[in-house]
Amino acid sequence: MTDAVFRETAAEPRTQSVPLAHVSLELGHLYMEDFEAGAGRLREHFALVRPWVDAVRASAAGNGKRPRISTCFLIDDYFTRFSSPAELVPLLLAEADRCGLTVDYLARESGCAVADGVQIAAAVEARLVELPPPGSDGSRPPVSETGWLANGERTPGSAGAEAMAGLTTWSPPNETAARRHSVFADVELWDDRDGRRTWSCPFLAAVWQLARLGLLRYRGEPVLRPRPWPDGGFPHDWDALPPLIQLSPSAAPFAAYRTCSVLPSRFLPVEHAVRVVLSQIQTDPDALRQVAERSAREGVPVPDAIADRASYVFYAGP
Amino acid sequence: MTATGDTGTAEPVCGEVRTCLLQTSLSLTASAAEELLRLREDERVRLSERPNLHAVSPDVLTGVDCRLPTGSGARVRAIGTVAARAVLTEGRVLQATAYFRAAGAGPEQRQPWGHYLVRPGVLEPFGGLPVRAVADGILAGTRQAGELDLGAVSERLLTAVLRHQLLDQRPPFKSRRTRLRWVALRTRDGQAPSIRRFTLAADGLRTVELRVPEEIAPAAVAGLCEDLALHDWLLTTLVRMVERSRPGSADGYAVVTALRPAVDHLLHLWMPRARVAGALSPLWEVLEREPGFTRQWQTLVQRIRDQLALQAIPLPREALTAR
């Protein structure tokens with residue numbers, strides 16, 4: 001019906017595309033305690049990251065063409081508030097610069113929960129499609145634990161065991177599609193305390209990955225888009241800083257076909273949880289198609305599964 | 001693939017659509033329809049106002065890993081997602097469709113879940129797909145325990161939408177739900193689409209078997225089947241309403257009361273092919289010739305109008321007989 005004379009835009013909604021680099025390279029993902037530890041900690045971090053950044057650049061250049069790589073840095077202002085952008089950001093940029101690194105884009109973690117008035121994390125949660133254990137025939141919705149997401153079947157609850165008149169035989173949890181032995185993971189997505197929902201770090205990090213992969217949309221429009229931040233001061237309040245700012249005007253696009261994050265190895269469990277989440281999110285099919293078509297046209301096709309587009313370097317560090 | 005003259009090939013599209021009256025006293029406006037079908041905050045409801053008001057929800061996915069029903073008793077395990085969507089026509093008739101495309105062949109081992117999620121609405125069999133056997137199994141409706149339950153997926157969505165706070169749960173008249181289960185096998189080499197069977201069974205189940213060119217998207221096939229189901233439901237509902245009104249009975253007031261909801265809520269809904277993909281539109285003509293859906297509808301409408309006209313004549317029966 002594409003050659004129709006009469007059209008209604010509300011009946012054929014379009015999904016807007018975003019510019020895409022080859023790799024979105026994350027130089028760090030630091031919490032307030034890292035900043036509290038002082039400039040020395042930041043310097044140490046960037047010095048440890050630097051060789052891996054060079055390695056990522058070298059490996060991305062493998063196909064002969066000059067790769068488009070953008071760098072980003074995520075500051076946690078969601079779980080704890082510390083200092084102010086005016087104090088911290090210049091320090092961060094100076095320490096990166098000292099190690100020969102440029103931060104192209106800077107994001108606030110709270111922007112992965114809510115940005116520009118859009119409840120991004122809640123919208124992403126509504127896109128979870130839980131993996132079906134064998135035998136799922138569609139007759140029942142997945143056995144969800146509200147606010148939790150697993151990579152398989154949980155151990156039956158103890159309440160159920162009591163109901164069976166003292167039968168308390170334990171049965172193990174089961175990773176679906178495990179390679180013989182299970183590595184079962186159950187990820188907390190959020191908690192509610194004092195009437196306020198707090199999203200978990202792995203869930204926000206999964207949203208962060210989707211943003212970097214160019215797959216976040218809200219009613220067809222990209223969300224968490226970078227805003228140019230011309231040279232100048234930074235505000236004294238975190239809320240006054242846009243959730244994602246572009247610091248280098250000539251940087252490659254923020255979103256990319258693939259992501260690479262260079263993180264201290266203590267982030268490994270968090271990033272495993274991120275993979276559990278990413279592998280159960282149904283992303284916007286149009287956004288997915290746009291990325292697949294463009295990457296294929298450039299001769300660098302993306303892996304099918306979203307989680308496989310994210311890679312990591314875990315360095316032994318603080 | 002045993003049936004003689006069968007041109008259907010791999011990758012069939014299968015689905016089940018359930019149709020019911022929206023359980024609310026007044027038809028919904030366009031903006032209310034949009035709110036009702038907003039199954040996910042971040043995704044738009046497709047809304048069309050010409051030639052009638054028609055709203056389509058985003059697809060929601062249900063993960064499955066189970067056997068497919070087969071006519072031959074063959075055991076076929078399939079993994080993937082079944083897509084489901086809700087459709088509201090003229091703010092009055094609600095439908096929920098669960099549908100999937102079956103891949104012709106799939107890996108012999110279950111893949112990571114992310115593999116299936118980037119193929120929304122696709123089920124991959126372990127190994128090859130016995131197309132004819134699966135088509136027969138789905139249409140037969142003799143589902144064994146543990147086999148794919150398309151009806152449950154559409155029913156769950158229908159129930160979820162019907163619980164929405166926008167609805168006052170006071171429908172203007174009583175009606176029954178209908179179920180239409182369909183299978184579209186693929187044609188190749190530019191063969192035109194065709195409708196092989198349209199079966200009305202008892203207990204509100206209809207089955208439809210189609211042949212559709214490969215380039216037609218599963219959602220377009222689902223759209224055609226929703227259109228068929230909508231009009232079949234309208235006919236079924238109107239037939240019952242006329243029956244219940246007992247035309248010719250002495251109580252003229254009761255006849256008017258029984259038929260009035262048809263005028264208020266149903267008669268303007270008849271619009272076959274309003275949104276059926278151009279290539280599939282000829283399939284309707286087959287049903288118009290035999291059994292003649294529109295012919296039956298028009299006869300019923302005429303009958304209702306005649307009844308109402310009769311009751312509108314102010315002369316009491318006694319006056320006529322007394323002359």
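Before counting anything between chains, I note that contact here means heavy atoms within 4.5 Å. I also remind myself that this is a predicted model.

**Entry 1: the interface**

I looked up how the two chains meet. By that contact rule, 38 residues of chain A touch 39 residues of chain B. On the chain A side, A:Asp137, A:Arg219 and A:Gln282 lose the most area to chain B, together 20% of what that side buries. The two chains bury about 3100 Å² between them, and carbon and sulfur atoms account for 54% of it.

Next I went for the polar side of things. I got 22 residue pairs in polar contact across the interface, both partners at pLDDT 80 or more. The salt bridge count between chain A and chain B is 5. I wrote down the one that joins the side chains of A:Arg127 and B:Glu43, at 2.9 Å from N to O.

**Entry 2: confidence in chain A**

Which element of chain A has the lowest mean pLDDT? That is helix α5(A), residues 158–163, at 49, while helix α6(A), residues 201–212, has the highest at 98.

**Entry 3: B:Glu226**

I found B:Glu226 in helix α5 of chain B, residues 218–245. Buried or exposed, I asked of B:Glu226? It counts as buried because its relative accessibility is 4%, and the cut-off for buried is under 20%. Setting aside neighbours within four places in sequence, I list its contacts as B:Val17, B:Arg85, B:Val87, B:Gln95 and B:Thr97. With B:Arg85 there is a side chain to side chain polar contact at 2.8 Å. I also logged B:Thr19, which is 207 residues away along the chain from B:Glu226, yet the C-alpha atoms are separated by 8.4 Å.

**Entry 4: B:Asn52**

I moved to the loop between β2 (46–48) and β3 (54–56) of chain B, where B:Asn52 lies. B:Asn52 is buried too, with a relative accessible area of 5%. Not counting residues up to four places away in sequence, B:Asn52 touches B:Thr89, B:Glu90, B:Met271, B:Ala274 and B:Arg275.

**Entry 5: a covered strand**

Last, I looked at strand β10 of chain B, residues 178–187, and found 9 of its 10 residues buried.

How values were computed:
Residues numbered from 1 in each chain as written. Chains lettered and ligands numbered in written order. Predicted model: local features only at pLDDT ≥ 70, side-chain atom pairs only at ≥ 80, totals over all residues. Heavy atoms only, no water. Buried < 20%, exposed > 50% of the residue type's maximum accessible area, 1.4 Å probe, protein only. Helix = DSSP H or I, 4+ residues; strand = E, 2+ residues; numbered from the N terminus. pLDDT = per-residue confidence, 0-100. Polar contact = N/O pair within 3.5 Å; in protein donor to acceptor, adjacent residues only side chain to side chain. Buried area = accessible area lost by both parts, 1.4 Å probe. Salt bridge = Lys/Arg side-chain N within 4 Å of Asp/Glu carboxyl O.
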